[in-house]
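Okay, thanks everyone. I've got a few minutes on helix packing, so let me put the thing up on the screen.

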Amino acid sequence: MSPTAHPSAPAPRPEDHSDEPPSSSRFQRLDGQAVRRSAATLEHRISTRFPDRTLWEVCREVVGLVDEINAGTGISRRRVRLARVLSRLGVVAIVIFLGGAVALAAGDLVEEREVLGPLDMLPLLETIINDLVFGGIAVFFLLRIPERMERARVLRILHRLRSLAHVIDMHQLTKVPERLERGSREDGGLDLDRTELTRYLDFCTEMLSLVGKSAALFAEHTTDGDVLDAVEGIEALTSDMARKVWQKIGIIQQQG
């Protein structure tokens, strides 16, 4: 065996392969179940470390949203599937109707070709062309209805993820290093020491990262520009929030 060869190296792909990740790859796609396990593990860690605080309940909301994303179920999803079936039935009906109309018109042209002159055929040809154009527009509109409904469903869930990120940010907002010098909560303190506050803020950064990863699950199987922009916005939002939390952690460590 050559010294540069590796027994587990992936086989080269043919030149005409698709741009999708190979079926043998485990690291070129985001695994929704792995995200779910990470969120559940984090929830358990938070509830064990801070059982009297509501931060673990926020993490449970993250787990629930990941479950909803992975399952792809719900009333909205069923409506999208129903709309997809109805739109396809509508397309079939339009195609049958247009096909019959064009066939009848063509039959009339064949039967009366000796009676009708070229100028007499123009209105009939114009009618056929108009029917085909408007029929094509109707087919395009019907096929886009499920896509628009699916986009709206995804954007609603992404909006919930964005709101959840702000809730997490609110939990860390008042956890400032200056309050460590005070006493109890009645005196404006936190009832946390430096180690506990650092761990609390660290949990917040992990949750923010999981919110960003949950949003990224929608980008795995879509090229919709609106969805990708929303996902990118959530990832940027959670990264900015986490950066501010890490600044607090750095201040706490410097003071310690």
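So, in which hand of crossing, left or right, does α2 pass α5? It's a left-handed crossing. And bear in mind that what you're looking at is a predicted model.

Let me start with α5 itself, residues 194-216. With 23 residues at 1.5 Å a residue, you'd expect a span of 33 Å, and the end C-alpha atoms sit 33 Å apart, so the two agree. Look at the start of the helix, too: a side-chain oxygen of D193 comes to within 3.2 Å of the backbone nitrogen of T195.

Back to α2, residues 55-71. The angle between α2 and α5 is about 15°, and their axes are 11 Å apart. That angle is under 35 degrees, so we call α2 roughly parallel to α5. On the α2 side you've got L55, V58, C59, V62, V66 and I69, and they meet Y200, F203, C204, M207, L210, V211 and S214 of α5. Sort those by class and you get twelve nonpolar, one polar and no charged residues.

Now α1, residues 32-49. Here the axes are again 11 Å from those of α5, but the angle is about 160°, so α1 and α5 run roughly antiparallel. This crossing is left-handed as well. From α1, the contact uses V35, S38, A39, L42, R45, I46 and R49; from α5, T195, E196, R199, F203, E206, M207, L210, K213 and S214. By class, that's seven nonpolar, three polar and six charged.

How values were computed: Residues numbered from 1 in each chain as written. Predicted model: local features only at pLDDT ≥ 70, side-chain atom pairs only at ≥ 80, totals over all residues. Heavy atoms only, no water. Helix = DSSP H or I, 4+ residues; strand = E, 2+ residues; numbered from the N terminus. Expected span 1.5 Å × (residues − 1). Polar contact = N/O pair within 3.5 Å; in protein donor to acceptor, adjacent residues only side chain to side chain. Axes fitted to C-alpha atoms, helices over the stretch in contact; angles between N-to-C directions. Parallel < 35°, antiparallel > 145°, perpendicular 65-115°, else oblique. Left-handed = near helix turned anticlockwise from the far one by under 90°. Contact = heavy atoms within 4.5 Å. Nonpolar A, V, L, I, M, F, W, Y, C, P; charged D, E, K, R; others polar.
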